[in-house]
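Hi everyone, thanks for coming. Please take a moment with the picture before I start talking.

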Amino acid sequence: MTTTKAPSAALTWLVVGSRYMPVYIALVLLVIVAAIWAPAALGSVPLRAIAPYGAVLAITALGQVLVIMTGGIDLSVPGTMSLAAVIMIGIGAGSDENIGMAIAVALVAAAVVGLLNGILIGGLKLNALIVTLAVGLIVIGVVNRYGRTFPVQNPVPEGWSDWVATRILGVSAVFWVGLGLTIVVSVVLRYTAVGRRFQVVGANPVASGVVGVRVTLNQILVYVVAAVLYAIAGLALAGLIRRPGVYVGSEYLLAPIAAVVIGGASLTGGLASPFSTFAAAFFLTGLNQLMLTIGLPTSLQFVVFGLVIIGGMLVSGDRIIRGVEQVLRERKRPDGSQTQTAPGSG
Amino acid sequence: MQRIMKIAAIVAVLALVAAACGGDDGDEPTPTGTTDGGALPATGTTGSLSEFGESTDADQALVDKALGPVTPSDEASWNIILASIARATQDLDQATIDKAMECFNSQECDTGTGGEIVMGYADGGGDTVNVWRAVSHMEAILQALTYDEIGAIVSTEANFGGPTFDPTIAENDIRFLINRGVDFIVGYPDIGVGLKEEVLEAEAAGIPYIPFSAGYVGLPGTEGALTPGEDYLTVVGEDLCELGESFAGILNTGVGAGEVAILGGTPNNALSLGWQQCAIPALAGGVELVNPPPNENTTTGDTFWSDGAIPGVFQALLTTNPDIKGYAYEYSDGMNTGLKEYEGLGIPVENLTLALRTDEQTLFCDWVERAEPTYNIFYSAGGNFQSRVGVTAAMMNIAGAPIPAEIVVPHVMRQVTAADCNPNRVNPYVSGTSLVPDSVLSLMFAS
């Protein structure tokens, strides 16, 4: 006679947690490789130097992971980041007094971009990849046009760049902002009703709708929240670079997606870990820096980056879950019966 | 007797006619001094290019401004350079200024002359990428406005944004200009040999392509490279090998013994590859290059000339080589961006020698502010005005003048002094060697 038994908490933790393990293993491997080929890159000074850039990528990846949790994708990241950056230059106009206004306008503008994405995708059910790509191009056009209204290479207000360069406990303020946002997102997703409903929508929108969750509203608002996060990243990047060009966000088209994938999220939607995504962003930033440090030619840097993304997908959370489920399904009791276990997801 | 008088009269008339037609076609500018500021080049005369509608009677002050105390290049190149500078009027009337701004801010503009020639301008980046590109674009516009034959100016930009730029945009820009029916194209091919097919298409359509700033469509000798003078009309720029050797000479003298780094722009672009190929072998034995390229056909220190990429490059170099004593690089303002990483990494800016090409004074003013006696900067010239040379070469070609395969722009390395930082400059990012008048710059960069 076959009996079933509820999985232990430890087993559940193992199954769920295993999907996020690869990124931490990757970080350890990166440290080992750096220790062998470029040990100086592991010093506190160079690590502090890349911390803000890792945080910028982490913030954009945070927005992207929220979108991907709903089964969507967002290719308007570069445009939204660039929009925020040029608003800081244009409205900031070199005056510290305008910083607050510039930040407010940048966030509102980003929210409008996100709302447009959300309505087209969540409301009209258009394809997310195509819509966000198109909206991103429109935003780039707006950025380009707006960028011509003030001199090229104008700096952001000095007070903003000074604040961004501030160090708290020896580490960039941007890093702490990124970490703080990651904690907030994690807490909201895990411990609030809003967050739990959002996760349910991502896991199974049909079932969510049946039980009364406002699926469309969630799918619209996620793009708004994501766009605001992109804008925060764009403002931070503008402060770091001090004189951002109108295409300052162009490097953030695929990198946030790579961070999400390497962080263990599934591109088809569902569970994801903000902390793993944060770690993945720093893995990618560290990898990029390591390649530059050891003098890898630019062409090979692109190849390595692509291989890492493919590797991240091959060792993705979904594959790990399926592998763990397969192992557990084939486990037999001493009397020959098989145990039944709860699915690894959710 | 009457016959003798007639002959004498005829001879006298012929002598008068000869005198009226100008000087000796064989005149050459007087050779100049070198970095120690020797005799400056005498400008040429009107006679050698007058049949093509040009004059080599350039304002010496403008020659000095654009190039410094150089030794002229070969006669054919030098004459075209002088002819282009001769048109670089600094005292523009308001109508010209307004038209220049209209053309700068529009993809296509009517010059108002009724001319039939259409100029195409194709930048791999664009006016919003950096000041250098914007100023070079305006130089070409101002030059075009000196030709009544040019009735329209069509400009494109590939919106080069950094490492993820899309090369197909640059390719399609050339095709757009071809379809538009321009009569010649002046531009900078950021994607180098990637533009090969489109340049050949243009040339096959009877549209000469003239890159400037040593923008070879593939550095000669590299795989797939086009040959200037054969595959496309000409290329305007410095002798890259001499430029690289000049950079190496600065580092050899300034550093003596120690570590140096070499930086460039987009991967394997002709400008960077050309001078790096000659600079590296010319480094003295005691000078150690910390970032050698993997092979001689690959650039090193790729910064994309982009503020987005430069910090990462400097962080990577300084992390493992905090004692770098010298840099060779094309881009002064990019160097200024990179030096900020010294602060972040807690490395003092001292015992440092820089060999640079462009002369954005942001770096020079920063140098003045630091007042560090062991930190020295040497530069040649921004090269913005080379787009003017491209326009003039194209017009001379249309007029039937022989154009050399390479219009060699001479260079000379100069040491930065306090005078190179002008606090009253319209915009600190504009090269001091640019020939765009302040009256136009103030409108381009009005805050």
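In what sense do strand 9 and strand 10 of chain B pair, and over how many bridges? They pair in the parallel sense, over 4 bridges. Strands pair here if DSSP finds at least two bridges between them, and strands (E, at least two residues) and helices (H or I, at least four) are DSSP runs, numbered from the N terminus.

A word on the source. This is a predicted model, in which local features need pLDDT of at least 70 and side-chain atom pairs count only at pLDDT 80 or more, while totals for chains, interfaces and linings use all residues. Residues are numbered from 1 along each chain as its sequence is written, and chains are lettered from A and ligands numbered from 1 in the order in which they are written.

Back to our strands. Strand 9 covers residues 324-329 of chain B, and within the pairing B:Gly326 has B:Thr353 of strand 10 as its bridge partner. Right-handed means that, with the strands pointing away from the viewer, the path from the first strand over the helix to the second runs clockwise.

Strand 10 of chain B also pairs with strand 11, residues 375-379, in the parallel sense over 5 bridges. There, B:Leu356 stands opposite B:Tyr379. Strand 10, helix 12 (residues 361-370) and strand 11 of chain B make a right-handed β-α-β unit.

Is strand 10 of chain B buried or exposed? 5 of its 5 residues are buried, so strand 10 is largely enclosed by the rest of the structure. Buried means 20 or more other C-beta atoms within 10 Å of a residue's own, with C-beta atoms placed from the backbone; 12 or fewer is exposed, and in between is partly exposed. In a regular strand the side chains alternate between the two faces of the sheet. In strand 10 of chain B, Leu352, Leu354 and Leu356 lie on one side, with Thr353 and Ala355 on the other.

Now zoom out. In chain B, 6 strands form an open sheet with mixed pairing, in the order 8-7-9-10-11-13. Strands 8 and 13 of chain B stand at the edges with a single partner strand each, so one side of each has no neighbour in the sheet.

Finally, the other chain. Chain A has 15 helices and 2 strands, and 48% of its 346 residues are buried.
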